[in-house]
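This briefing covers how two chains meet and what one of them shows on its surface. Please look at the structure before reading the points below.

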Amino acid sequence: MKFKAIKLKLKGPLTEIPHADTLFGAMATAVGVLYGKEAIDEFAERFQRGARISSAFPYEGEKLFLPKPLSAEYWLSTLPEEKIKGIPNFKRLKGAKYIPLGEFEKALRLEQFTYGELPFKRVELPKVALDRVTSSSALYFWEEIRFKPNTGIYFLYQGDGETLKGYILPALRYLADTGIGGKGTWGYGLFDIEVEDVEISVPGGEAFVTLSNTLPSEAPLLWRLFRKGGWSPWGRKPKLSFIEEGSIIGNDPGKIETLTVGGKGIYVYGLSFPLPAKLPEGLP
Amino acid sequence: MVMDRKFNGKLVITGKIKAVTGLHIGAQREVGEIGGIDNPVIKDPVTGLPYIPGSSLKGRLRSLLEILTNSKLDEWKEKYKGLEGYSPGSCREEGRENCGKFFNKRINNGWIHVCPDYQKAYNCPVCRLFGASGDGSNFPSRLIVRDAFLTEEWKRKWEEGQEITEAKIEVGIDRVTSQANPRTNERVVAGTEFNFEIIYTVEDINHWKDDVKNLLTAMALLEDSYLGGSGSRGYGKVKFFFENIEFRKADYYRTGKEEDIIRIDVKDKSVREILSEFDDLFSGVKSALGAE
C-alpha cells in the first residue's frame with residue numbers, strides 16, 4: 001500500500017508525540033486561522049469522505065518507526081517456551097512500543113521480528129522562576145522528549161492530492177512556525193516539512209491494524225484503551241475513550257466526534273487508519 | 001474591546017548569540033561523583049552538547065522588560081491602558097496576589113508580573129508580548145523563543161576534541177582563619193556561539209511595531225545584563241549577532257511562495273542600530289501590513 005509520509009524535522013523538543021486527534025486538531029485550528037472558520041468544516045468533511053491521517057511516530061533518517069501491532073504482541077505471548085529462548089532480548093521486544101518499518105511488515109505477517117533503538121529520550125529538566133526584586137528562586141521540574149539530530153516525527157497520509165496541497169501543507173507551514181503540541185512559546189514543536197512516498201507491504205486478511213488513535217464505531221478485536229481529553233481554543237475538552245495505535249479492528253472506519261466546548265462546536269478526530277494484518281490463532 | 005485573535009503573519013528573527021564571558025545555565029546533578037563538578041551546565045541529554053533553553057532566554061527577556069516597565073509605570077500609563085491599576089513595587093510585603101503593585105503574582109516564594117486576565121494583558125506591554133496565564137482568561141504569548149543550540153562551527157570544534165565547557169574552581173575564604181572552601185562550577189567557555197531564533201506573531205497591526213521594539217529593547221538590556229547564573233561575578237555576558245529578520249506574510253502560509261516573504265537585511269547590525277533605524281528597516285513590513 002502506498003502513502004505519503006509527512007516528516008516534521010524537529011528543531012526542538014516535544015512535550016509528547018502527538019496522536020492523530022492532536023495532529024488533526026492543530027491542523028484544523030491552523031486552517032481556521034488561514035482561511036476562516038467555514039474552511040474547518042470543509043476540512044473535516046474531506047476526512048469524512050475518505051482522507052486519512054495516522055498518528056505521529058518517530059523517524060531517524062530513512063528509518064521510519066511504526067507502532068507494534070497488538071496482533072504480533074498476542075502472537076509473541078502464545079509462543080512455546082523453547083522458541084522464546086531463541087529470541088534475543090525477548091522482554092524488550094515485548095515491551096517495545098515502536099518498531100522499524102521492515103520489522104513492522106514482518107509483524108503484520110506474524111513472522112519473527114525485532115525492535116530498534118529509538119531516536120529520542122524522555123527527560124526531566126529543572127526550570128526556575130525568579131523573583132523580580134529579590135531574585136529568590138522557585139524551582140520546578142518539567143518533562144519533555146528530546147530527539148537526536150536528523151530525526152523527528154512523521155505521519156502517514158492517505159487521500160487525494162487536493163486535500164494535501166490545499167489544506168494539510170498550508171496548515172503545516174503555519175504550525176512549523178507556531179509549534180505543535182505544548183509549550184510552543186518555549187520553541188517546542190517547531191519543525192521543517194518534508195513529504196515522501198512510502199510503500200508498506202501488507203498481507204491479505206480480514207483484520208486490520210489501525211495506525212491512528214481511533215474512536216471505534218463497532219467492537220474492536222484486540223485493543224488497548226486510553227482516555228484522552230486536552231484543550232481546545234475554547235476550553236477543556238471532555239475525555240473520550242480511544243483505542244491505541246496498533247489495536248486490531250474489523251472493517252471499522254472509526255468516527256469524527258463533534259463536541260460542544262464553551263458554546264462552540266469542535267471536531268475530535270477518531271477515524272481509523274487501517275492496514276491489513278494476519279490474525280494469530282485463537283482469535284475469531 | 002472584544003476578545004479576538006487575528007493572524008497577519010510572522011516575524012522570524014535569526015542570528016547568533018555569543019557567550020562573551022563564561023556562561024552558566026545550571027542543571028541538576030544526576031549522580032554525585034567524587035571530585036566531580038558541583039554545578040553542571042544544562043546539556044542536551046541526547047547529544048551531550050550544552051545549549052541555551054528557550055525558556056531561559058525568554059524568561060530573562062521577560063524579567064528585564066518587567067523591571068523596565070515597573071520603572072516607567074507612570075510614564076507608560078497613557079500608552080498602555082492595562083498599566084493603570086498598578087503602582088510600582090512588589091506584592092511580597094502583603095503576601096497576597098494582585099494587591100495593586102506591579103509584581104503581582106506569586107510563584108512559590110518569588111513574585112513576578114502577570115496580568116490576571118485577557119483584557120489587562122492585551123493592554124500591557126509585557127503580557128501581550130510574553131503571554132499571561134490568568135485566573136479568568138489566558139492571553140497566549142505572541143513570542144516564540146527557540147532553544148539555542150551550538151553553531152555548526154562550535155559543534156565541529158567540540159567534535160575535534162576542543163573543550164567547550166570548563167570546570168572553574170572558585171573558593172570561599174574564611175575571613176579570620178583564611179581557611180579555603182573550594183567548589184567547582186562548570187561553565188560554557190567564553191566565545192561559544194549558539195544559533196537563536198525568535199518568532200513574533202503579528203496579531204494586532206496596531207501593536208506589532210511597539211511589541212517588536214519592546215522585544216529589541218529587552219535584548220539590548222540583556223546585553224548589558226547577564227544570562228544564567230553568577231552574573232554579578234562576570235558570568236553570562238552575551239551579545240546578539242543578527243543574520244536575518246524576515247516577515248512571512250499570512251499569504252506565505254497559504255501559498256508557500258517565496259515572494260510572500262519580506263527580508264530585512266540586518267546582518268552586522270547591533271540591537272541598538274536596529275532600534276535606532278527601526279522605521280527605515282521595517283518600512284516594507286509596515287506597508288505590507290497597511291497600518292502602523
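Helices (H or I, at least four residues) and strands (E, at least two) are DSSP runs, numbered from the N terminus. The model is predicted: local features need pLDDT of at least 70 and side-chain atom pairs count only at pLDDT 80 or more, while totals for chains, interfaces and linings use all residues. Side-chain values use heavy atoms, with hydrogens and water left out.

**Nonpolar patch on chain A**
- β6 (120-130) and β7 (137-147) of chain A each supply at least two residues of the nonpolar patch.
- A:V128, A:L130, A:L139 and A:F141 make this surface patch, of about 360 Å².
- A:L139 belongs to strand β7 of chain A.
- Patch residues have over 30% relative accessible area and no salt bridge, and nonpolar side chains (Val, Leu, Ile, Met, Phe, Trp, Tyr) are joined within 5 Å, like charges within 9 Å.
- Accessible areas come from the Shrake-Rupley method with a 1.4 Å probe, and for residues only the protein chains shown count as cover.

**Extent of the interface**
- In contact (heavy atoms within 4.5 Å) are 44 residues of chain B and 37 residues of chain A.
- The two chains bury about 3200 Å² between them, 57% of it on carbon and sulfur atoms; buried area is the accessible area (1.4 Å probe) lost on being put together, summed over both parts.
- B:V46, B:Y253 and B:R254 lose the most area in chain B, together 19% of what that side buries.

**Salt bridges**
- Six salt bridges (a side-chain nitrogen of Lys or Arg within 4 Å of a carboxyl oxygen of Asp or Glu) are counted between chain B and chain A.
- One salt bridge joins the side chains of B:D44 and A:R146 (3.9 Å, N to O).

Definitions and conventions: Residues numbered from 1 in each chain as written. Chains lettered and ligands numbered in written order.
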